Amino acid sequence: MNRQSQAAVLFLLGAALLHAGTTDLYLRYVKAGLQPLLLASGVVLIVTALATAWYERRRTKHQQATQRQATQRQKGAGDVEGVEDVEDAETHTHPEPRVSWLLILPLLALILVAPPALGSYSATRTGTALQEPLAYPALAATNPLPLSVVDYAGRAVYDHGRTLTGREVQLTGFVALDHDGTPYLVRMALNCCAADAQPVKVGLTGDIPPVLQPDTWLTVTGAYTPRITHDPVNNGPIPFIEVTAAKPTATPRDPYDESWNN
């Protein structure tokens, strides 16, 4: 692939990053806090592509001018054989392998196809990634109290529900069913990007819908219960919530939960 082709690929990659960074598409790949770096990377790639194309164009023009001067000198000297050699050099090209253009396919996929967020398939095959919180910030006085799945699970397991007792809480996540049919409310937590996303699970008990479909997003309202089970994948703790109401909800703008490392 010549420099002009390389510049085209760099430009397309930069445009893809800008497209993802200026829409919600980037949230399928990286955490929200990385948006400025993603946009900056797109700008750098586009500038690099334009600079490469400009430099290559200047270099080509310079080579052409040098070849013309050499041709004129050879003609002036009457060296027919030399003139033919120069003309052959001007017309001789090395075709680039066309397979190299397949590098563009991942870029087109990034622009045209938005991959779904990780869901129940990954959650049931990966152990819970619940980590002990560094602190337990004071909770708002609202009722019901909206909490992230990660925040609720951390307080329920490691703070033994002290800040949750007597409070009505509200959680949003997608449904995953264990191999024995136990329903979990799950959010995939990540450090930087979807490649390192891991599930945090909260078991559902109480007044739960009789039929639950995996990957359905629910908002559940309920209360803390001391019931805890252990993940069959990695033996990690999974707390439960005593559900009093549950309703389907739309997939959130950011399907991943970043609160575990804030």
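Me: Before we look at particular residues, what is a nonpolar core?

Reply: A nonpolar core is a set of buried Ala, Val, Leu, Ile, Met, Phe, Trp, Tyr and Cys residues joined through side-chain atoms within 4.5 Å. In this structure, which is a predicted model, the largest nonpolar core has 24 residues, and Y152, L171, V220 and I241 touch the most other members. Two or more residues come from each of α6 (149–158), β2 (168–177), β3 (183–189), β4, β5 and β6, and α6 gives the most, with 6 residues.

Me: Which residues does Y152 touch, setting aside those up to four places away in sequence?

Reply: Y152 touches L147, L164, V169, L171, V202, A223, Y224, T225, F240 and I241.

Me: How should I read the side chains along a strand, and which strands does β6 pair with?

Reply: In a regular strand the side chains alternate between the two faces of the sheet. Here strand β6 (residues 237–248) runs parallel to strand β4 (residues 198–206), with 4 bridges joining them, and G203 has F240 in β6 as its bridge partner. With strand β5 (residues 217–230), β6 pairs in the antiparallel sense over 11 bridges, and there V220 stands opposite A246.

Me: Which residue takes a positive phi in the hairpin of β5 and β6?

Reply: That residue is N235, whose phi is near 65 degrees, in a hairpin that has 6 residues between the strands.

Definitions and conventions:
Residues numbered from 1 in each chain as written. Predicted model: local features only at pLDDT ≥ 70, side-chain atom pairs only at ≥ 80, totals over all residues. Heavy atoms only, no water. Pairing = 2+ DSSP bridges. Buried < 20%, exposed > 50% of the residue type's maximum accessible area, 1.4 Å probe, protein only. Contact = heavy atoms within 4.5 Å.
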